[in-house]
Amino acid sequence: QVQLVESGGGLVQPGGSLRLSCASSETMFSDSNMGWYRQAPGKQRELVAFITNGGSTNYADSVKGRFTISRDNAKNTVYLQMNSLRPEDTAVYYCNTGRMSSGRYYPYDDWGQGTQVTVSS
């Protein structure tokens, strides 16, 4: 089973920025498709962004233009740069591996422990 460790969360004011990191134990990380999810209290977990093993990216409408997903295969790490943060971005953020089918991302059941992001003044 792949081990995923998220970091970089914290408390930030509205309009601020954070960069989340997710380190993977996958030996063939460069072949992995990676996603960032978030779950706010009382809400379902939602896909925020994903990046394919070829480097293609996709974003939820709610974060498009504000968040950027990237990867460093040499470090087995995927990142989520979050700018112009809003209170509604408050959630626990998780990274994940998954498969692609017809342009859609389907998560495997490998999840990290998550990292808390709180946007508040």
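This is a predicted model: local features need pLDDT of at least 70, side-chain atom pairs count only at pLDDT 80 or more; totals for chains, interfaces and linings use all residues.

Reader: In what order do the strands of the open sheet stand, and how do they pair?

Author: As a general idea, strands of a sheet are joined through backbone hydrogen bonds, and the pairing is either parallel or antiparallel. In this structure, four strands form an open sheet in the order β1-β3-β8-β7, and the pairing is antiparallel. Because β1 and β7 (67-72) are at the edges and each has a single partner strand, one side of each is left without a neighbour in the sheet. On average, neighbouring strands of this sheet are turned by 15° against each other, with direction ignored.

Reader: Over how many bridges does β3 pair with strand β1, and over how many with strand β8?

Author: Strand β1, residues 4-7, pairs with β3 over four bridges in the antiparallel sense, and within this pairing L4 stands opposite S24, while V5 stands opposite A23. Between β3 and strand β8, residues 77-82, there are six bridges, again antiparallel, and the bridge partner of A23 in β8 is T77.

Reader: Why is strand β3 described as largely enclosed by the rest of the structure?

Author: A residue is called buried when its relative accessible area is under 20%. Five of the seven residues of strand β3, which covers residues 18-24, are buried, and therefore the strand is largely enclosed by the rest of the structure.

Notes:
Residues are numbered from 1 along each chain as its sequence is written. Side-chain values use heavy atoms; hydrogens and water are left out. Buried means under 20% relative accessible area, exposed over 50%, partly exposed in between (1.4 Å probe, protein chains only). Helices (H or I, at least four residues) and strands (E, at least two) are DSSP runs, numbered from the N terminus. Two strands pair if DSSP finds at least two bridges between them. Axes are lines fitted to C-alpha atoms, for helices over the stretch in contact, and angles run from 0 to 180 degrees between N-to-C directions.
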